[in-house]
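Me: Please take me through some of the labels used for this model, setting each value against its definition.

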Amino acid sequence: MSAATRRLTTAQALVRFLAAQYTERDGVRHRLVAGTWGIFGHGNVAGVGQALVEYGDVMPFHQGRSEQAMVHAAVGHARHLNRLSAQAVTTSIGPGATNLVTGAALATVNRLPVLLLPGDYFASHAADPLLQQLEHPSEADVSVNDALRPVSRYFDRISRPEALLASAPRAMRVLADPAETGAVTLALPQDVQAEAFDWPEEFFADRVWRVRRPAPDPEELADAVRALRAARRPLIVAGGGVHHGEAEAALEALVDATGIPVASTQAGKGSLRHDHPADLGGIGHTGTAVADDLARTADLVIGVGTRYSDFTTASGTLFQDPGVRFLNLNITAFDAHKLAARTLVCDARAGLTALTGALSGHRVPSSYEDEYRAGRARWEETVRAALRADDENAVPTQTQVLGALDAVVGDEDVVINAAGSLPGDLHKLWRSRSPRQYHLEYGYSCMGYEIPAALGVQQAAPGVPVWALVGDGTYLMNPTEIVTAVQEELPVKLVLVQNHGYASIGGLSESVGAERFGTDYRHRAADGSFTGAPLPVDLAANAASLGMDVLRAKTVRELREALSTARAATRPTCVYVETAAGDAPGAQAWWDVPVAEVSARDAATGARARYEQAVADRRHHL
């Protein structure tokens, strides 16, 4: 080997390369790929697996139990670190690879970086077909990994060792670029992984990917300032981009200077502290009454780092002022141009800071501030009533579970959720105390995200109490990483809420005429109806069997004591509670779920009539 090259296998070279990649923003440097999750089988055990053994001193390894869950853990890690650090996930070929698809879609939908390294068939076709290979009759270069193409922001199959020289840096650029990031896939044929090559030493040199803060275009900024000065009822919609850009202080400065109120998406909640006088809480279908009432009369909506999902816009029915216009500040032009908006395509912190400076002396009418502050006060009474438990010896409702947790957590705690009825209750009721506290994955709303994501967050924030809130339906989707938490000694806290079924989708089913069909976990009678008797399933015992310490709580008082114990625990700990029925605040805005246009059942025909009435309010903002 010459002095300028190093002879390594492709997999060894990739691991060494990844260990030398860094991001840097505002002068602070991070490992771009902080570690690798893996489950080994044929397709990666002799390639990437051997390389991770060879270079374990520079690339930390984490053993997972489910390929999808490993991606969720990596996504949780990346989100908590504001997309400045990612993790890699390696799998075998076949089912190991296809199990990545859901996690990859979640990452890309949420604009969060994760590097996927699935094994692939032999590039040489020497062993063809091999175990778990999909044979395509007319396209011999197709493998199951091609299912990852539509859910990846960058995809390449490394069919020769030297192809990595060009592809690996391109993959890193996408991972590190906040305007393009998401799942990045390098499919690795197993024979190529093990093939040796003379790699240039430059390939292994430390490389820094600077995460820029692009400033707003002067003309766009001037146009935005004119629109803001002309608005009488402006409303900021804070999305996840506020957190990713570490722009919370810049947002607060703008709000303090101008008095413009802030409503938040699921990803943006916590952009202001809950007790800031301009914080209205969540917006949209799962939003607060004060936020949605102001949204209906806003004449200018300023979207900051949001992609305007249908939950945020109430499926196009929320923003009803006849002359309403939109101003979108987003690092991604694709999102900035939504809703025919004026645009500020720039970094969130840079854009908000520029707006504050350019709006010097401008403030919304005092009557508008009085209006939204009165609305805040009324909603806070709703929150108190929902979270309060008057009888300490009663079985808690789900909202009282949140009230008990609210009483226990500190500003530094992180609360993670993704699916079921909890996201709606949390968006409306949770009092976010810090930018990192509220961690809701609601872009893909993937059942089974919470527990593995808690592992990734705990790795990113050692010593911080991390809570995974799950219902029984979500728990049954993906409890496997409890074992990983035990093995990795990650003291995550699991709050397992048992209500014997899919509560959220059951309520939706009833509202659209499907009569809660297929949403209960209960015994059925001979005629197919539910008898009401819960199934003899003990999820707390299941969590204990996987290695968690389990605390069972039957009353509000026991629940609060169990949560306090769990918060102080140094081992993975589960608080299990069965909940009583209770009335959480209802939806403050509509959501479009099409209802059967014709039916012989009264429930469906009634739901269709309500649907047609609601859909008439939809607007196309052009």
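Me: Why are H8 and H14 called oblique to each other?

Reply: This is a predicted model, in which local features need pLDDT of at least 70 and side-chain atom pairs count only at pLDDT 80 or more, while totals for chains, interfaces and linings use all residues. Residues are numbered from 1 along each chain as its sequence is written, and side-chain values use heavy atoms, without hydrogens and water. Helix H8 (residues 218-230) and helix H14 (residues 348-358) pack at an angle of about 60°, their axes being 10 Å apart. Angles under 35 degrees count as roughly parallel, over 145 as roughly antiparallel, 65 to 115 as roughly perpendicular and the rest as oblique, and H8 and H14 are therefore oblique to each other.

Me: What makes up the contact of H8 with H14?

Reply: Leu221, Ala224, Val225, Leu228 and Arg229 of H8 meet Ala354, Leu355 and Ala358 of H14, where contact means heavy atoms within 4.5 Å. By class, this contact has seven nonpolar, no polar and one charged residues, with Ala, Val, Leu, Ile, Met, Phe, Trp, Tyr, Cys and Pro counted as nonpolar, Asp, Glu, Lys and Arg as charged, and the others, Gly among them, as polar.

Me: What makes H16 oblique to H17?

Reply: Helix H16 (residues 398-408) and helix H17 (residues 422-429) pack at an angle of about 50°, with axes 10 Å apart, and that makes H16 oblique to H17. The contact joins Gln398, Thr399 and Leu402 of H16 to Leu422, Asp425, Leu426 and Leu429 of H17, and its residues divide into four nonpolar, two polar and one charged.

Terms used. Axes are lines fitted to C-alpha atoms, for helices over the stretch in contact, and angles run from 0 to 180 degrees between N-to-C directions. Helices (H or I, at least four residues) and strands (E, at least two) are DSSP runs, numbered from the N terminus.
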